[in-house]
Amino acid sequence: MKKKLIILGIETSCDETAAAVIQENDHGEIKILSNIVSSQFEIHRKFGGVVPELAARAHAEKIDLITQKAIIDSGIKMKNLDAVAVTAGPGLIVCLSVGLNFGKAVASSLKKPFIAVNHLEGHALSPKLNSNLNYPYLLLLISGGHSQFLSVENLGKYKRLGTTIDDAVGEAFDKTAKLIGIGFPGGPKLEECAKKGNPYKFNLPKPIINRGGCNLSFSGLKTAVLKISKKIKTKKEKYDLAASFQKTIEEILYKKSKIAFQEFKKSNMEGNKFVVAGGVAANKKIRNVLKNLCIEENFESIFPPINLCGDNAAMIAMVGLEKFKKKQFNKLDFPAKPRWALDEKAIFLKGAGVKL
Ligand code: KG4
Ligand code: ZN
């Protein structure tokens, strides 16, 4: 009989200290036994963004308590773990190092395999935590640091179809929220404010909407928001700007996803599954717009549950589980990788003068 597999996941790449235990049963079903996420919003709020040194200190103070809690909540014993999977990158090096060193120490003391996980692969596989998702699929990864369309061919096998040439979508949400003065973390707050405003009030630009394939750009949008934000005075205007921004992002993602569908088909990938993951995938209106696009284009839309869109360790354990089954273990000298692309062959496409 197939053995049950139990994996501990650890995540400290940015401002969430997280640990989770997942189990795969004899029928291949995944169960999240525990999923603890400690957010540092309160620490970073007054700075309006994540301060790396403070984040790393908070991870160091909490990581063992959070991991202990994940183990206790899961109801398993440490000795029953099959492997320890830890985010090794990309992210803030001072933050990654805390979880990585801790995870290595746990794996080594238990004499269990250590598995280094790419945080982006965690987002990419996050829908597998609650649904049966087979390769290949088209992925739109939208988070605070990344915005990419990728063809996910297999575990560890990614082909980038498009990427942002400047800001990430989550970053655009956060910066807009800051400019309008609706606080931190910006994304969820902006989504709420947008509900109260008129989305047709301000006509915002959609950079590179008619060129550059499914590559994305948001910095011109941010500049437009900056200019308008200096002129607006009332609460009502604030909400209108938030609503106009939200609508513009929806339109950009709709159009660029449509192009990505064609590129996915052109690259001879079978299937028609479209996964949207990462923190911004928690945005309900973006989910709806992309769900509708999938209906129009005969694609199947797949989203992680809202609580698994943002950073968490269950998704890291999920990658650990798949790597465990392929015996893809790592040595304890595996370094933290602040930059770690999913498609390492893709060319660098950022900055002024980039040719699309
Ligand atoms: O995946 P994630 O938790 O961390 C990174 O890997 O970056 O994503 C965080 C990003 C932040 O920029 C946050 O503002 C954004 O996701 N976000 C949202 C929403 N919830 C989180 N953006 C728009 N609408 C939301 N509801
Ligand atoms: Zn993330």
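Modeller: Helices (DSSP H or I runs of at least four residues) and strands (E runs of at least two) are numbered from the N terminus. By that scheme, Pro185 is found in the loop between H5 and H6. We are looking at a predicted model, where local features need pLDDT of at least 70, side-chain atom pairs count only at pLDDT 80 or more, and totals for chains, interfaces and linings use all residues. Residues are numbered from 1 along each chain as written, chains are lettered from A and ligands numbered from 1 in written order, and side-chain values use heavy atoms, without hydrogens and water.

Biologist: What makes the peptide bond from Phe184 to Pro185 stand out?

Modeller: That bond is cis, with omega near -5°. Another cis bond runs from Gly89 to Pro90, with omega near -15°.

Biologist: Which residues come nearest to ligand 1?

Modeller: A residue is near if one of its heavy atoms lies within 4 Å. Of the 18 residues around ligand 1, Gly144, Asp174, Glu191, Gly279 and Asn283 come nearest.

Biologist: What makes the pair between His123 and ligand 1 a polar contact?

Modeller: The cut-off for a pair of N or O atoms is 3.5 Å; within protein, one must also be able to donate a hydrogen and the other to accept it, and residues adjacent in sequence count only through two side-chain atoms. A polar side-chain atom of His123 lies 3.1 Å from a ligand 1 oxygen, so the pair qualifies. For Gly187, a backbone N or O atom lies 3.0 Å from an oxygen of ligand 1.

Biologist: Which elements give two or more residues to the shell around ligand 1?

Modeller: They are helix H4 (119-125), helix H5 (169-180) and helix H6 (186-194).

Biologist: Why is ligand 1 said to lie between domains?

Modeller: Domain bounds come from an automatic or database assignment. Domain 1 (5-130 + 308-325) and domain 2 (137-303) both give residues to the shell, so ligand 1 lies between them.
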